[in-house]
Amino acid sequence: MDITKPIDTGEIPSSGSHFDVIVVGGGPGGSAAAAYNALNGSRVLLVEKDTWPRDKICGDAVGGKSLSHAKELGVLQLVDESPHYVVDSILFGSANGSEVRVMLPKEAYEKQGLQSGYALPREQFDYLMFYRCQQIVRENGGSVIQGFSVTKVMVEGESIDAKITGVGGRFGGPRSEGEDMEFTSALTIGAGGFNCPVSRKITLDVFDEPHRDDDHFCGGYREYWENVEGLDGEEGPIEIHFIDEVIPGYFWLFPVGKGIVNVGIGMLVSEEKKGKRKGSWRGLKKTQQWLINDHPRFKHRFANSKMIPGSAKGWQLPFGSPRKNPPSFQPRRGAMAGAMTVGDAASLVDPFSGEGIGNALLSAKMTSKYFDKKVHSDGFPANAADAYMEELWGVLGKELSNSTKLQKMMKWKRLTNWFIKKANKKEEIGKMMSEMIASKDAQTELWNPWFLFRTLILP
Ligand SMILES: Cc1cc2nc3c(=O)[nH]c(=O)nc-3n(C[C@H](O)[C@H](O)[C@H](O)COP(=O)(O)OP(=O)(O)OC[C@H]3O[C@@H](n4cnc5c(N)ncnc54)[C@H](O)[C@@H]3O)c2cc1C
């Protein structure tokens, strides 16, 4: 499929139209939420502020969880037919230079007819997701609008009686002269990423609860490079390096095929602010320049490389790490009467790996389990919103909490150095890491002291 072509999304509905479900944001979470709800019989309106094709700043690693949803929605076939890198392993590097390559458990994925993971530019993955999902929405009587920025989230009633009833916005962005339009719905799904207007409305305006928090938000910076030494194939490892200056975040080298490598850095905002290069993604950019130009382990790998112009960009990752004493739900309030949020809008990024696409797709599917257009025609009720948030944390809470522990552990440089050196020598540790990446049960086992003692300490 030619992903440079515009996507025809059909006729624009007239202002004032009513839908069962409105989805704000056409990233992976929004596209999937729109498609799953359309497949469930709802008449859906999917709105996106950008126009395809569009870039998204990311590491571009698409893991097994994401691929299983992509398969379910008929997107995987499109991905398979377009260029991509097959991830067969992860190479972990520690601050003192030890490295271990952990093979991913191929068989576990193959049983589901999947690869263990892919890496491909988000411009391409998101295009394919949006392309297929807008087809599903329109085949089921819904509508899709691109280039339409939601600027207003409509609420009826106050405090505990408040209910979201639809959205308003305009073409060409909030400051443009474009036409204003409004749409109403029984359910509005917020899928607008880390600064989603629906999620801001729920947390800040209606419930007066926190939305953004430096201890749970991560700064991310990405560039594309050509010709990085050792990463030129179409199948192999992705690399994660725990470097002194970036811990507890990491420096990544993720090949995306055709000789191009996504190179980036991610770091918790609160940690970044403590350091010398504080403040914004510009600090991360400087750190990355230093790693590429001067770091003894990396500079030779970039000696004959070239950065793709225009690819240097920063963005934020809202982590799903559990909050201390949250006022209502973990990781934060993500639904209310008339609305649910998914993906980054619900703060669901894995706090250790930085993966967010999988949880965006999982939460997107879960919204369709909670919304029933016949039962909820007068509006999605508050008790169903609470049940959605409880199930979401029930399903994801354990793995997000374990990832938070791992993220915190990475602050102990000596421990990371020791662990990676040990893993390099002891096959069983590599196997344990591989299983941890693939299985929730193995992640729980990690915190079992006897298991740790046996695997790490005994010869
Ligand atoms: C540097 C970096 C590296 C990352 N690496 C990885 C990785 O390797 N693997 C991984 O799985 N995850 C990674 N992530 C996380 C991943 O990018 C997100 O978790 C994922 O994109 C979430 O999908 P989403 O659909 O919830 O939100 P988004 O992808 O952010 O999509 C939101 C959409 O909503 C639209 N929108 C926003 N506001 C409005 C509005 N007002 N009106 C209409 N539309 C609106 C946006 O244009 C966008 O298309 C990374 C993130 C960053 C920043």
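**Notes on helix packing and the ligand shell**

1. In this predicted model, helices H1 and H9 pack with their axes 8 Å apart and at an angle of about 25 degrees. Because angles under 35 degrees count as roughly parallel, H1 is described as roughly parallel to H9, and the crossing of these two helices is right-handed.

2. On the H1 side, the residues that meet H9 are Pro28, Gly29, Ala32, Ala33, Tyr36 and Asn37, and their counterparts in H9 are Ile357, Ala360, Leu361, Ser363, Ala364, Lys365, Thr367 and Ser368. The contact of H1 with H9 divides into 8 nonpolar, 5 polar and 1 charged residues.

3. Helix H1 (residues 28-39) also packs with helix H5 (residues 122-139), at an angle of about 25 degrees and with the axes 8 Å apart, which makes H1 roughly parallel to H5. The crossing of H1 and H5, however, is left-handed.

4. Residues that make the contact of H1 with H5 include Pro28, Ala32 and Leu39 of H1, together with Asp126, Phe130 and Val137 of H5. By class, this contact comprises 11 nonpolar, 1 polar and 1 charged residues.

5. The ligand is surrounded by 39 residues, of which the closest are Gly25, Gly27, Gly220, Gly343 and Gly356. This shell divides into 15 nonpolar, 16 polar and 8 charged residues.

6. Among the elements that each supply at least two residues of the ligand shell are H1, strand S11 (217-226) and helix H9 (357-370). Domain 1 (18-85 + 109-213 + 328-404) and domain 2 (217-318) each contribute at least three residues to the shell.

Key
Residues numbered from 1 in each chain as written. Predicted model: local features only at pLDDT ≥ 70, side-chain atom pairs only at ≥ 80, totals over all residues. Axes fitted to C-alpha atoms, helices over the stretch in contact; angles between N-to-C directions. Helix = DSSP H or I, 4+ residues; strand = E, 2+ residues; numbered from the N terminus. Parallel < 35°, antiparallel > 145°, perpendicular 65-115°, else oblique. Left-handed = near helix turned anticlockwise from the far one by under 90°. Contact = placed C-beta atoms within 7 Å. Nonpolar A, V, L, I, M, F, W, Y, C, P; charged D, E, K, R; others polar. Near = placed C-beta within 6 Å. Domains from an automatic or database assignment.
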